[in-house]
Amino acid sequence: MARDSRSRKKKTSAAKKDGKLRYIPLGGLGEVGKNMYALEYEDSILVVDCGLMFPDDEMFGIDFVIPDITYLEERKDKIVGIVITHGHEDHIGGLPFNLPKIPAPLYGTKLTLGMVGNKLTEWAPAFSPDYREIRAGDRVEMGPFSVRFIAVCHSVPDGVGLAIETPVGTVVHTGDFKLDPTPIDGRLTDYAAFSEEGKKGVLLLLSDSTNVERPGFTQSEHTLSGTIDRLFRQHRSRRIVISAFASNLHRVQQVVDAAARFNRKVALVGRSMVKNVELARELGYLHADDKTIVDIEDIGKVPPGSLVVMTTGSQGEPFSGLVLMSRGEHRVITLTEKDVVAIFATPIPGNEKTVSNTINRLFACGCEVVYEKEQAIHVSGHAAQDELRVMLNMVRPQFFVPVHGEYRHLVRHAKLAREMGVAPKNAFVLLNGDVLTLEKDKAVVKDRVQAGGIMVDGIALGEMQGSVLKERRELAEDGAVAVSLILTGEGTLASPPVFESRGFLHLEDAAKLREDLTVSVGKAVESLGAKAVSDRDLLETRIKGRMRDALRRFGRGRPVILPLVTVLGEKPAAERPRASSQGRGRRRKS
């Protein structure tokens, strides 16, 4: 068992205090993604997971969203460890951006840490994390917390739930789980461990809510093997393209096994797919004969009936393998009527339109597309209602908080817990930032901390409520009109202003409007005289106001107005002295 002697000493002193335990969700409640929470006792904080969330349709150009960890940054010296339950993006995707801000020992299983390492190498190559590898069954001391790692079955191998002993009581966190009786890798959810914790007494249960609306039990991953075999039998002479989550290594294993049975080669497409498979093979989590795997560059040498392509893109990600194929933009694979495409996933909430568009384009390529639920091409990795009941019955918590789900999922899971015997007042539906304070015999929500989302756009980070999204929404709704004008040193127009429109209307087709805008800009410059040169901000404000009046008379559109001002004889911006901090700063929009 892994142990940390320094943490054990700290635990001994901290446990003597009659303190309170605080559960602080920073992501994953009321939403699908960016799962993260903290447990705080006295001067020690334990962090669990740090994921990302994919953007919705209104987050124009945003790559993804990560948790706001301001609360943890301000207390980073108190963090005794960060525990990662498994390797899905919604649990590890925020680490490259947030871990350098709160450096602490990072605990996870071998495969999970390998996936984290791949992400850190790509996004934060200069950062050196303190990895602490654990296995299911280990118990690790972290300050006043004693963490027991419990094996759980999920759609990615090597996932764990947690039983966290604290001076106040035990907190059990299921992680993402299901009770699959026939997992592909033979690794069952550890019923005995959860039941043992329940018998000892559990203060708080945090349980996965994703599939609370689905009755019964989630199907075993093994049920897909028949679907895959049937797909291969029915299309013996055609090339088969299968799209799935890159992290669903159990599904990749089933496809590889079927390919070997049907004498097909497997080609991997998509950077995340290639990296995950390479890592899983290296660590022994995925088994494939070298003769079965073929490089994407060599697929031209393989007859169509002897090839299956595993690709990313099941959620319609813009630059994924499947989407590039559907657009006819993939550098190697061109889809035709001789191909069969099977999408072995269902859309994540919010991705339905994107996935639908991808499917339509695939049909337009002429290929056959297999995607309907009735064809049994996907099973979930999350527990359905009856499995959640079993978990509640095993753990028998005093207090309950549903996690990992949209708000309706949390409400329904809390109702389910009450039906299973949790006292109505002891089942809490929380949102990110709420603080649940626990003592041995009571729990109350009375505080809030800063929590929310930070947008990631390329390498830029910004708050969800920041001006960037507001500007993008305005541009998307009404477009933009740019006006370029050249002034003399005396503040007069050296030549007529030049207008350009994007996403609004073509000004060359609106001669009267162009004439009105020219007059409006001229009046704005004239009204300021020489001040038009010295006070650029005021000039831009006047130009915008006059142009808005002219546009309002023309129609209902309210495009973004971008004035671009040049003064004859003025030095370039980079050569001009900076404005005094006490004076009004100059802004240039481009």
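Which residues in helix α12 (residues 385–395) are buried? In this predicted model, they are Glu-387, Leu-388, Met-391, Leu-392, Met-394 and Val-395. They cover an arc of only 165° around the axis, so they sit on the same side of α12. That buried set packs against β11, α6, β12, β19 and α13.

**Helix α12 and Leu-388**
- Leu-388 belongs to helix α12.
- Its relative accessible area is 0%, so Leu-388 is buried; the cut-off for buried is under 20%.
- Beyond its neighbours within four places in sequence, Leu-388 is in contact with Phe-177, Ser-207, Asp-208, Val-212, Ala-383, His-413 and Leu-416.
- Leu-388 and Gly-216 lie 172 residues apart in sequence, yet their C-alpha atoms are 9.5 Å apart in space.

**The six-stranded sheet**
- Six strands make an open sheet with mixed pairing, in the order β8-β9-β10-β11-β12-β19.
- The edges are β8 (139–142) and β19 (397–403); each has a single partner strand, so one side of each has no neighbour in the sheet.
- On average, neighbouring strands of this sheet are turned by 20° against each other, direction ignored.
- Strand β12 (residues 202–208) runs parallel to β19, and six bridges join the two.
- Within that pair, Leu-204 stands opposite Phe-399 in β19.

**Helices on the sheet**
- Helix α6 (residues 191–200) packs on the sheet and touches β8, β9 (145–151), β10 (160–165), β11 (170–173) and β12.
- The direction of α6 makes about 140° with that of β9.
- Helix α13 (residues 407–419) lies across β12 and β19.
- Relative to β19, α13 runs at about 160°.

- In soluble globular proteins, nonpolar side chains tend to be buried together.
- The largest nonpolar core holds 59 residues; those touching the most other members are Leu-72, Ile-82, Leu-231, Phe-232, Ile-242, Met-310 and Phe-344.
- Helix α8 gives the most to this core, with six residues.
- Residues come from both domain 1 (21–216 + 381–461) and domain 2 (221–370), so this core lies between them.
- Leu-231 touches Ile-240, Ile-242, Val-340, Ala-342, Phe-344 and Val-370, with residues up to four places away in sequence not counted.
- A second, separate core has 34 residues, including Val-48, Val-168, Leu-206 and Val-403.

**His-250 in helix α8**
- His-250 is found in α8, which spans residues 249–261.
- His-250 counts as buried because its relative accessibility is 8%.
- Not counting residues up to four places away in sequence, His-250 touches His-154, Ser-155, Val-156, Pro-157, Ile-184, Asp-185 and Glu-221.

**Strands β24 and β25**
- Strand β24 (residues 480–487) pairs with β25 in the antiparallel sense, over five bridges.
- Val-481 stands opposite Ser-501 in β25.
- Strand β25 (residues 498–502) has two faces: Phe-499 and Ser-501 form the covered one, while Val-498, Glu-500 and Arg-502 form the uncovered one.

Notes. Residues are numbered from 1 along each chain as its sequence is written. This is a predicted model: local features need pLDDT of at least 70, side-chain atom pairs count only at pLDDT 80 or more; totals for chains, interfaces and linings use all residues. Side-chain values use heavy atoms; hydrogens and water are left out. Helices (H or I, at least four residues) and strands (E, at least two) are DSSP runs, numbered from the N terminus. Buried means under 20% relative accessible area, exposed over 50%, partly exposed in between (1.4 Å probe, protein chains only). Contact means heavy atoms within 4.5 Å. Two strands pair if DSSP finds at least two bridges between them. Axes are lines fitted to C-alpha atoms, for helices over the stretch in contact, and angles run from 0 to 180 degrees between N-to-C directions. The arc is that of the directions from the helix axis to the C-beta atoms. A nonpolar core is a set of buried Ala, Val, Leu, Ile, Met, Phe, Trp, Tyr and Cys residues joined through side-chain atoms within 4.5 Å. Domain bounds come from an automatic or database domain assignment.
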